[in-house]
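Visitor: I am new to this one. Could you show it to me and take my questions one at a time?

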Amino acid sequence: MDSLWLILVGALLGGYAFVFGFLRRVNEWYYVGFRVQLQGKKNNMQYPLPPGDLGWPFLGNMFTFLKAFKSDPDSFINNLVSRTGMYRSHLFGSPSIIVCSPETCRKVLTNEEQFRLGYPASTMALVGKRSFHGISNAEHKRLRRLTTSPINGHEALSMYIAIIEGIAVKHLEDMSSMNSPCEFLREMRKFAFEVFTTIFIASDDDSHVDLGLVQDLYTHLNRGMKSLAINLPGFAFHKALKARKKLTKLLQALMDRKRRNKNMKTKTKKDMMDLLMEVKDEEGKQLEDEDIIDILLIFLLAGHESSAHGVLWTIIYLIDHPHVLHRAKKEQEEILEARPSTQKGLNFKEIKQMEYLSKVIDEMLRRTSISFANFRQAKLDVNING
């Protein structure tokens with residue numbers, strides 16, 4: 001009997017040693033040992049890598065990352081910042097270097113000779129081939145110029161003020177009538193999503209866009225963006241791919257309906273899809289449907305998420321600094337008192353008068369990381385702070 005216990009304990013210890021002594025080091029042996037040495041011999045040079053841990057084979061450090069992201073997203077990065085400005089890891093299926101300090105981030109983000117846009121495989125598959133993430137720098141600049149021209153400038157912004165104000169008032173009234181506490185970020189996501197959806201694809205009364213369905217699909221799409229690219233039933237990436245297909249089909253059907261209705265009536269209101277369907281570059285070339293769909297998919301996803309988090313953090317900072325809240329509120333009251341009795345609703349002139357509130361928002365953006373990370377891929381071996 002004692003011998004069986006000894007065998008069992010020995011097997012457990014052996015299994016523990018195998019799992020944590022061998023499997024836990026496979027990534028380190030492969031990427032840091034074998035590949036770095038091979039590359040160093042090939043180029044007659046070898047740069048030292050930052051300290052860190054590449055985690056488990058294939059999975060890397062994704063479990064640790066996702067666990068932190070569900071509860072306290074900043075804790076994953078803050079744990080690294082406390083140790084070093086750069087840290088090696090293995091995320092989204094690839095060995096990665098996490099850069100934390102502002103000076104080093106600036107070096108990476110402004111160095112176009114040695115770095116290019118490089119996003120995880122899951123992100124690239126979900127945002128589409130024609131989004132800003134997956135095209136050349138020249139095409140990126142062309143698309144950015146074409147897509148920002150319809151929504152920049154005073155006239156373009158003035159078109160959307162009444163829409164945004166109406167949606168904001170409706171959501172604030174809904175929240176004030178709730179009988180129990182609500183999750184503020186979730187409500188702000190609903191608000192921001194309705195704003196962006198209306199401005200981008202649903203300004204027409206006959207657009208027939210099911211906001212609830214679209215938001216549910218975007219929820220799956222967003223979860224898939226922060227996952228490993230495992231296309232098997234039950235995994236977040238698989239659900240996200242299915243959601244993308246449905247969203248693509250929905251947007252294509254909406255574009256087709258807009259084209260059919262184009263000659264039937266003159267539109268008084270145009271959403272961003274209408275404007276993107278009309279815009280032309282210097283050579284008279286219009287955007288293809290695939291371009292428009294991929295651009296709208298990423299704009300809707302990134303726009304409503306970042307806006308909701310921006311509102312949340314602005315409210316948090318205002319509550320934490322009552323004197324700032326008092327001054328910002330006083331500015332709004334002064335603008336309302338000066339409003340003519342014949343004027344209905346907010347206008348662009350009043351927005352330009354909100355100088356203090358603009359500074360509050362700028363300070364929020366300075367102090368807060370709305371996006372959890374920006375990705376770059378090294379074109380060649382790079383020595384930073386070495």
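Visitor: Which helix holds glutamate 363?
Guide: This is a predicted model, in which local features need pLDDT of at least 70, side-chain atom pairs count only at pLDDT 80 or more, and totals for chains, interfaces and linings use all residues. Residues are numbered from 1 along each chain as its sequence is written, and side-chain values use heavy atoms, with hydrogens and water left out. Helices (DSSP runs of H or I, at least four residues) and strands (E, at least two) are numbered from the N terminus. Glutamate 363 sits in the helix that spans residues 355–367, H16.

Visitor: Does glutamate 363 count as buried, exposed or partly exposed?
Guide: Buried means under 20% relative accessible area, exposed over 50%, and partly exposed in between (1.4 Å probe, protein chains only). Glutamate 363 has 33% relative accessibility, so the residue counts as partly exposed.

Visitor: What separates the C-alpha atoms of glutamate 363 and tyrosine 317?
Guide: Along the chain, the two residues are 46 residues apart.

Visitor: How many helices and strands does the chain have?
Guide: The chain has 386 residues, and 35% of them count as buried. Its secondary structure comes to four strands and 16 helices.

Visitor: What share of the contacts links residues 24 or more positions apart?
Guide: Contact means heavy atoms within 4.5 Å. Take the contacts in the chain with a separation of 6 or more. Residues 24 or more positions apart account for 67%.

Visitor: Which residues does methionine 273 touch?
Guide: Leave out residues up to four places away in sequence. Methionine 273 then touches Phe200, Ile201, Leu251, Leu254, Met255, Lys258 and Leu296.

Visitor: How do H9 and H13 lie to each other?
Guide: Axes are lines fitted to C-alpha atoms, for helices over the stretch in contact, and angles run from 0 to 180 degrees between N-to-C directions. Under 35 degrees counts as roughly parallel, over 145 as roughly antiparallel, 65 to 115 as roughly perpendicular, and the rest as oblique. H9 and H13 pack at about 140°, with axes 8 Å apart. The pair is therefore oblique.

Visitor: How many residues of the contact of H9 with H13 are nonpolar?
Guide: Among the residues in this contact are Phe184 and Leu185 of H9 and Phe299 and Gly303 of H13. Ala, Val, Leu, Ile, Met, Phe, Trp, Tyr, Cys and Pro count as nonpolar, Asp, Glu, Lys and Arg as charged, and the others, Gly among them, as polar. Two are charged and five polar, while the nonpolar ones number 15.

Visitor: How do H9 and H10 lie to each other?
Guide: Their axes come within 11 Å and cross at roughly 110°. H9 and H10 are therefore roughly perpendicular.

Visitor: Is arginine 339 buried, exposed or partly exposed?
Guide: Arginine 339 is in the loop between helix H14 (322–337) and helix H15 (348–352). Not counting residues up to four places away in sequence, arginine 339 touches Gly345, Leu346 and Glu350. Its relative accessible area is 22%, so arginine 339 is partly exposed.

Visitor: What is phi of phenylalanine 92 near?
Guide: Phenylalanine 92 is in the loop between strand E1 (86–91) and strand E2 (94–99). At 10% relative accessibility, phenylalanine 92 counts as buried. Its phi is positive, in a residue other than glycine, and is near 55°.
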